[in-house]
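Dear colleague,

Please find below the structure I am passing on to you. My findings follow directly after it.

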Amino acid sequence: MSKITHLSQDWQNWITENLGRGCTPQSVVEVMVEKNFDPMFASAIVFHFVSGGNKGQMPGVLPGPAIAGAQTAQQRAAQTGYVYETPRFPMAGAVIRAADRDVRVVSRMEKPVVAVLDGLLTLDECDELVRLSEKKLKRSTIVDPQTGREEVIDDRSSFGTFFHLRENEFITRLDERVSALMHWPLQNGEGIQILNYRIGGEYKPHFDYFPEQDPGSHVHLKTGGQRVSTLIMYLNDVEEGGETIFPEIGLSVAPRKGSAVYFEYCNSDGQVDPLTLHGGNPVKRGEKWIATKWMRQHAFA
């Protein structure tokens, strides 16, 4: 039986009623999962209701009422202990000049720092990245938190490859554009990674930074230090599914060819922001191609 990924009015009323009478968001999510809701969908929806829909600032989420006495995303941010500094990403202006191209800011928020962008890549550039990657895809891995080794797991069911920094003229142009957009030195960036998700492919919610309490993280922190920000670029339109979700803030970004989502999560003291938990919803129809850029504290190349 397929998991439920839509919300009826009755369920909206039920969520509102139970959060309003003091049930914890997690307990509400657990009941929904027992009733066959997709776990990530349930989590995103409930946290969206808790935060009052972010006052309509972010696209791709259902409208939901604020719950009396419930925490806002900003209140939850304060409780994490993470100290928000002046964002590296510009918090003003509808258009950002990124080296050779103007990029439109669809929406942004400051806690956590997240921005949805349009027109970062041309359609031809998207097609070229896919073309260059198709023949060298391998099953994607994750970093084992205990050993630091790369492992294949069921929670990340994608295929991928990567390009070295400045690998060729085309990649150099993209590296320079992305570096300007992310307001971080080009040499601090990891090479662009390409991921392909087929039907059913997903990536369960995770953090892009390396938790210092995990022994395996130390292997990766030795080269370039901590990751500080992420840019996910969408290389095709997905027929159905494949959204990038941020369960803690109730945000869901649908893939759109040439668009992107940016988020940052490490301050000058090396603290990391747990509100940037994110994942990729399963692809239901078609396939999904993305390009990801991670920036480090120090030179990575």
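Strands, as the term is used here, are DSSP runs of E that hold at least two residues and are numbered from the N terminus. The model is a predicted one.

I begin with strand 17, which spans residues 288-296 and is mostly covered, nine of its nine residues being buried. In strand 17 both faces are covered. On one side lie K288, I290, T292, W294 and R296, and on the other W289, A291, K293 and M295, all of them buried.

Two pairings of strand 17 may be noted. Strand 8 (residues 193-197) runs antiparallel to strand 17 and is joined to it by five bridges; here Y197 has K288 as its bridge partner. Strand 10 (residues 227-234) is also antiparallel to strand 17, with seven bridges between them. Within strand 17, I290 is the residue opposite Y234.

Because its relative accessibility is 0%, and buried means under 20%, T230 counts as buried. The side chain of T230 makes a polar contact of 2.7 Å with the side chain of D208, and a polar contact of 2.7 Å also links the side chains of T230 and Y265. Neighbours within four places in sequence aside, T230 is in contact with M182, D208, V261, Y262, F263 and Y265, as well as with T292, K293 and W294.

With kind regards

Notes. Residues are numbered from 1 along each chain as its sequence is written. This is a predicted model: local features need pLDDT of at least 70, side-chain atom pairs count only at pLDDT 80 or more; totals for chains, interfaces and linings use all residues. Side-chain values use heavy atoms; hydrogens and water are left out. Buried means under 20% relative accessible area, exposed over 50%, partly exposed in between (1.4 Å probe, protein chains only). Helices (H or I, at least four residues) and strands (E, at least two) are DSSP runs, numbered from the N terminus. Two strands pair if DSSP finds at least two bridges between them. A polar contact is a pair of N or O atoms within 3.5 Å; within protein, one must be able to donate a hydrogen and the other to accept it, and residues adjacent in sequence count only if both atoms are side-chain atoms. Contact means heavy atoms within 4.5 Å.
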